[in-house]
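Please look through the following briefing with the sequence and the 3D structure side by side.

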Amino acid sequence: VTSAFTVWGRQLTGTAEPGEWELLTTAERARAAAIGDPRARSRYVCTRAMLRQLLAERVGSDACDVMLETTPHGALRVGGHPTIHVSVSHTRDLALVALADGPVGVDVERCDRRVPPGPHRWLTLGERRQLDALDADERQTALIRLWTAKEAVGKALGLGWAAGRQAIDVDGSTATVGDPAELAVALRLVELDAGPEHIAALALTSAGPAATAVRSFDPVGDVASGLR
Amino acid sequence: MNDRHRLAVIDAVTRIAPDVDPADIPPNADLQDEFDLDSMDMLNVITVLSEHLGLDIPEDDYRELRTLASAVAYLDLRTARAAG
């Protein structure tokens with residue numbers, strides 16, 4: 001089974017427009033208003049507005065009428081639309097939203113992000129061996145790739161942190177979760193092209209392509225202009 | 001609430017997120033949501049915390065560290081267990 005999916009990205013460098021606030025629910029506006037750091041507040045508003053615009057287009061309703069629910073593990077669900085799967089990730093300057101017709105997880109990091117020094121308890125033995133063969137620069141990039149892949153897998157499983165990163169083994173475009181000798185789940189990893197400054201990964205529980213590009217989302221235009 | 005643990009958590013959070021006002025961390029707020037920290041920030045917070053306290057924090061326990069209050073309760077419990 002192949003899952004159809006699309007990933008949209010938008011820059012988060014500016015301030016949220018008043019029109020973007022209007023796309024949020026009353027509860028979301030209250031939450032945004034409570035965020036002390038203005039840049040963090042803008043990131044939240046812009047990301048939510050983008051998510052709501054894309055979902056509104058998909059389900060044919062107004063953006064603020066889309067029912068977004070968060071599970072105890074932090075996964076997003078679209079109320080009344082169990083076949084629409086969604087995942088969101090952002091750095092300080094880029095937000096990604098993935099929509100799919102099956103379980104999906106997306107994660108993005110900046111390339112210059114510093115991964116805390118070891119011991120990398122979140123890596124499996126096999127992943128450590130892959131890293132041992134690399135020089136320092138390659139290693140740093142590979143660590144971010146592994147990190148985003150595991151984050152994406154945790155999100156696709158709807159478990160987030162509870163998935164346990166060491167229980168996820170990443171090998172190329174396949175991630176195996178759990179003990180292969182017992183009950184293991186295999187997920188497909190898709191490399192996302194989110195530009196030269198970011199590393200992004202997408203995880204699917206079904207088949208998918210090896211790589212795909214992120215579509216540029218234009219927050220000031222209508223949703224159709226985000227489908228370039 | 002053990003004050004040493006409370007200060008250690010506040011120190012770790014403010015070291016990773018220098019914008020955070022140490023006097024203004026609501027005890028029961030989700031740290032990630034409240035301060036827009038992502039999971040790698042949280043890994044950094046936990047790394048700083050575990051080095052500072054000389055405590056090994058297994059990954060399965062990370063979810064206990066989502067709020068200031070739960071993190072302090074977790075550290076109190078770990079220390080009590082080690083002493084007991």
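A residue is called buried when its relative accessible area is under 20%, exposed when that area is over 50%, and partly exposed in between, with a 1.4 Å probe and protein chains only. This is a predicted model, in which local features need pLDDT of at least 70 and side-chain atom pairs count only at pLDDT 80 or more, while totals for chains, interfaces and linings use all residues. Residues are numbered from 1 along each chain as its sequence is written, chains are lettered from A and ligands numbered from 1 in the order in which they are written, and side-chain values use heavy atoms, with hydrogens and water left out.

- Contact means heavy atoms within 4.5 Å, and, leaving aside neighbours within four places in sequence, A:Leu24 is in contact with A:Arg29, A:Tyr44, A:Val45, A:Arg48, A:Ala49, A:Arg52 and A:Cys64.
- A:Leu24 and A:Leu51 are 27 residues apart in sequence, and their C-alpha atoms are 9.9 Å apart in space.
- A:Gly102 is placed in the loop between β5 (94-100) and β6 (104-110) of chain A, and with a relative accessible area of 9% this glycine is buried.
- Not counting residues up to four places away in sequence, A:Gly102 touches A:Ser3 and A:His85, whereas the C-alpha atoms of A:Gly102 and A:Ser87, 15 residues apart along the chain, are separated by 11 Å.

**Cysteines**

- A disulfide is a pair of cysteine sulfur atoms within 2.5 Å, and by this rule the count over all chains is 0 disulfides.
- A:Cys46 is in no disulfide, and the nearest cysteine sulfur, which belongs to A:Cys64, is 17 Å away.
- A:Cys46 is buried, with a relative accessible area of 1%, while A:Cys111 has a relative accessible area of 30% and is therefore partly exposed.

**Helix packing in chain A**

- Two packed helices are described by the angle between their axes and the distance between the axes; the axes are lines fitted to C-alpha atoms, for helices over the stretch in contact, and the angles run from 0 to 180 degrees between N-to-C directions.
- Helix α4 (residues 125-132) and helix α5 (residues 136-156) of chain A pack at an angle of about 155°, with their axes 10 Å apart.
- That angle makes α4(A) roughly antiparallel to α5(A), since angles over 145 degrees count as roughly antiparallel, those under 35 as roughly parallel, those from 65 to 115 as roughly perpendicular, and the rest as oblique.
- Which residues make the contact? On the α4(A) side they are A:Glu127, A:Leu131 and A:Asp132, and on the α5(A) side they are A:Arg139, A:Ala142, A:Leu143, A:Leu146 and A:Lys150.
- By class, the contact of α4(A) with α5(A) has 4 nonpolar, no polar and 4 charged residues, where Ala, Val, Leu, Ile, Met, Phe, Trp, Tyr, Cys and Pro count as nonpolar, Asp, Glu, Lys and Arg as charged, and the others, Gly among them, as polar.

**Helix packing in chain B**

- Helix α1 (residues 3-16) and helix α4 (residues 68-83) of chain B pack at about 130°, with their axes 9 Å apart, and α1(B) and α4(B) are therefore oblique to each other.
- In this pair, B:His5, B:Arg6, B:Val9 and B:Ile10 of α1(B) meet residues of α4(B) that include B:Leu68, B:Ala71 and B:Val72, and by class the contact has 6 nonpolar, 2 polar and 2 charged residues.
- The axes of α1(B) and helix α3 (residues 39-53) of chain B come within 9 Å and cross at roughly 135°, which makes α1(B) oblique to α3(B).
- The residues of the contact of α1(B) with α3(B) divide into 9 nonpolar, 3 polar and 4 charged.

- B:Thr14 lies in helix α1 of chain B and is buried, with a relative accessible area of 17%.
- B:Asp36, in the loop between α2 (31-35) and α3 of chain B, has a positive phi of about 55° although it is not a glycine, and its relative accessible area of 21% makes B:Asp36 partly exposed.

Terms used: Helix = DSSP H or I, 4+ residues; strand = E, 2+ residues; numbered from the N terminus.
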